[in-house]
Number of protein chains: 2
Amino acid sequence: MDITRAAEGAKGFEKVFTLLRERLLDGSLKPGDRLVPERELAAQLGVSRPAVREALRALTMLGVVEIIDRIGTVVRRPDVSMLGYFFAFALAQQADVIDDVIEARIAIECQAVRLAAERATIADFERLQQALTRIAATIDDPEAGGMADFDFHAAVVQAAHSETLSVLHASMGALLARSHRTRRDLVQVFGSMKSYLIDDHRRVFDAIVARDPERADIALRRHFAIGDDYRRRAATGQVEPQKAGGE
Amino acid sequence: MDITRAAEGAKGFEKVFTLLRERLLDGSLKPGDRLVPERELAAQLGVSRPAVREALRALTMLGVVEIIDRIGTVVRRPDVSMLGYFFAFALAQQADVIDDVIEARIAIECQAVRLAAERATIADFERLQQALTRIAATIDDPEAGGMADFDFHAAVVQAAHSETLSVLHASMGALLARSHRTRRDLVQVFGSMKSYLIDDHRRVFDAIVARDPERADIALRRHFAIGDDYRRRAATGQVEPQKAGGE
DNA sequence: GTCAATTGTTGGTCAGACCAACGGCTAAAT
DNA sequence: ATTTAGCCGTTGGTCTGACCAACAATTGAC
C-alpha cells in the first residue's frame with residue numbers, strides 16, 4: 001500500500017485526513033482493508049502520532065473507518081447510524097437542516113416509487129402488504145404506528161432495487177422515522193387521519209401493483225402534500241382540514 | 001459553565017466526547033458559545049490535551065463545533081455540509097455500480113427541477129441561460145461540452161433552493177461530470193445529438209421559466225430517456241436512433 | 001495621543017514515555 | 001511428540017512536557 005503521497009503543503013491532521021480521504025474516495029482503500037499501524041503511518045507521513053489519531057477519529061465519526069483496540073484501523077462501509085448523532089445534534093440545536101432533509105426525501109421516495117412500479121418482485125409486494133397491514137393494526141398507537149409508516153416507505157424504496165437510493169434513504173432513516181412518529185401524534189387531533197393513513201398508503205401500493213409509475217408517483221406526492229397539510233393545520237390551530245374528506 | 005461532571009468511568013477521548021455531547025444535547029452549550037481553552041478543559045476533566053483534541057475534532061466532523069485557530073472552539077448550528085462528506089464516501093463505495101448512481105441522480109434532479117419551477121430567482125434564470133449558451137457554444141467540444149452540460153444540471157439543482165438536494169448532487173458531481181463528458185463523445189457518432197442537447201435543455205429551461213413543475217419534470221425525464229437511448233444504440237452499434245427526429 | 005515592542009494566549013504539532021490487552025512464539029513439562 | 005505455561009512483541013489508548021505560529025492586548029517611550 002503506497003500511502004506516502006501526501007497532500008501538498010499540509011501537515012499534521014490536515015495532511016493525514018486529506019490523504020486518507022483521497023485514498024478512500026478513489027478506491028485505493030476498500031471496506032475490509034486494514035490501515036498500517038498508527039506509528040508507522042505517522043512515520044511514513046512525517047507527522048506526529050496524535051495528528052494521525054485526530055484524523056482517524058475524524059474518519060471514525062463519518063463511519064468510514066473503525067478503530068479497533070490493539071488490532072488497528074479497518075475500513076468499513078459508511079455506516080448510516082453515525083448520522084443519528086448528526087440528526088440528534090441538529091434537532092437539539094433546532095437547525096434548519098431538519099425540514100430541508102425531510103423535504104429532500106421526496107426526491108428519493110418519488111423516484112423509488114416509480115422504479116418500484118417497474119421492478120417490484122413478489123417478495124416486495126409481500127413486504128409492502130405486510131407493512132400496510134401493520135399500518136392499519138397500529139392506527140391508534142403513535143409509537144408503533146410511526147414505525148409501521150416508516151417501514152412502508154422503506155419497503156417502497158427497497159422495491160426500487162436501486163442500491164444508491166436505498167443508501168440515501170437509510171441515511172435519512174433516523175430523521176424520517178421520527179417524522180412519521182410525530183405525524184402519528186396528530187391522529188388524536190384529526191380523526192380523519194386514520195382513513196388518510198390507510199387509504200393513501202393503499203393507493204400507493206395499488207399503483208405499484210398495477211405497474212403504473214406515473215400513478216404511483218402522483219399518489220405518493222399527494223400523500224406527502226396532505227400530510228404536510230395536517231401538519232400545517234396542527235401548527236396553526238385549525239381543526240379538520242377541509243380537503244380531508246374529499247377525493 | 002459547569003463542565004466538570006464527566007461521564008462515569010470513562011477517560012480520555014470517551015470522557016470528553018460524552019460530556020460535550022450531553023452538554024450540546026441538553027442545551028447547556030448553544031450555538032455561539034465558546035468552550036474553555038483546551039488546556040483548561042483537559043485540566044478540569046483530568047485528561048490529556050490530545051484526548052481533548054480528539055474529541056473536539058470528532059465533534060467538528062459532526063458540524064456542531066468549529067475549532068478556530070488561536071481563538072478557541074465555538075459551538076455552531078449543524079448544517080447540511082456535514083452530510084456532504086458522508087454522502088461522498090457512501091457514494092464512492094457505490095462506484096463499482098456507477099450506473100446505479102447515475103440512475104439515482106434522476107431522483108435528485110427531477111425533484112430539483114420541480115422545485116426550481118416554483119422557486120427559481122432572476123439570478124437562477126440568468127445562470128441557467130448562461131449555461132444554455134455555453135452548451136450551444138461547446139457543441140463540438142466534448143471536454144468543454146461535458147462541463148457545460150453538467151453546469152446546466154447543477155444550475156437546475158441550485159435553483160431548487162434545497163440545501164440537501166444540492167449536497168446530494170455535489171456528492172455525485174464527479175461521476176455525473178464524467179458521464180456528461182462521455183455522452184458528449186457520442187456527438188461524433190450521432191449528428192442528431194446536437195439538436196437534442198440544445199433543444200432538450202432549452203425545453204427544461206422554458207418549463208422552469210413558465211413555473212410549470214410537471215412540465216419541467218416531464219421534459220427532464222424525457223431528456224434522460226433519450227440520452228439513455230443514444231447510449232444504448234452506441235453500445236449496440238446502431239446508427240441514428242429512430243425517434244431522434246420526432247416529437 | 002500614537003506607535004513600537006513585549007507579553008500572554010490559544011490552537012497546532014511534536015517527541016517520548018507508559019499502560020492494557022491481546023496473540024504468537026518458545027521453552028519446559030508430561 | 002504433544003500440551004501447557006510464560007514471556008515477548010504489537011497495537012491502540014493515554015499521558016507529560018515542550019515548542020511553534022499568529023494573533024490581541026498591554027506597556028512604555030516619544
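## Core and DNA contacts

In this predicted model, the largest nonpolar core holds 101 residues, of which Leu20(A), Leu20(B) and Leu83(B) touch the most other members. Helix 5 of chain A, residues 97–119, contributes most to this core, giving nine residues. In soluble globular proteins, nonpolar side chains tend to be buried together.

DNA strand C has 22 residues around it, and those that come nearest are Ser48(A), Arg70(A), Arg39(B), Arg49(B) and Arg53(B). Of the atoms of DNA strand C that come within 4 Å of the protein, 64% belong to sugar and phosphate. By class, the surface near DNA strand C consists of ten charged, seven nonpolar and five polar residues.

DNA strand D has 23 residues around it; Arg39(A), Arg49(A), Arg53(A), Ser48(B) and Arg70(B) come nearest. Sugar and phosphate make up 62% of the atoms of DNA strand D that come within 4 Å of the protein. The surface near DNA strand D comprises ten charged, eight nonpolar and five polar residues. Helix 3 of chain B supplies the largest share of that surface, three residues.

| Residue and part | DNA atom | Distance |
|---|---|---|
| Lys11(A), polar backbone atom | phosphate oxygen, DNA strand C | 3.0 Å |
| Arg70(A), polar side-chain atom | sugar or linking oxygen, DNA strand C | 2.7 Å |
| Glu38(B), backbone N or O atom | phosphate oxygen, DNA strand C | 3.0 Å |
| Arg39(A), side-chain N or O atom | base oxygen, DNA strand D | 3.0 Å |
| Arg49(A), side-chain N or O atom | base nitrogen, DNA strand D | 2.7 Å |
| Arg70(A), polar backbone atom | sugar or linking oxygen, DNA strand D | 3.0 Å |

Technical notes:
Residues numbered from 1 in each chain as written. Chains lettered and ligands numbered in written order. Predicted model: local features only at pLDDT ≥ 70, side-chain atom pairs only at ≥ 80, totals over all residues. Heavy atoms only, no water. Near = heavy atom within 4 Å. Polar contact = N/O pair within 3.5 Å; in protein donor to acceptor, adjacent residues only side chain to side chain. Nonpolar A, V, L, I, M, F, W, Y, C, P; charged D, E, K, R; others polar. Core = buried A, V, L, I, M, F, W, Y, C linked by side-chain atoms within 4.5 Å. Buried < 20%, exposed > 50% of the residue type's maximum accessible area, 1.4 Å probe, protein only. Helix = DSSP H or I, 4+ residues; strand = E, 2+ residues; numbered from the N terminus.
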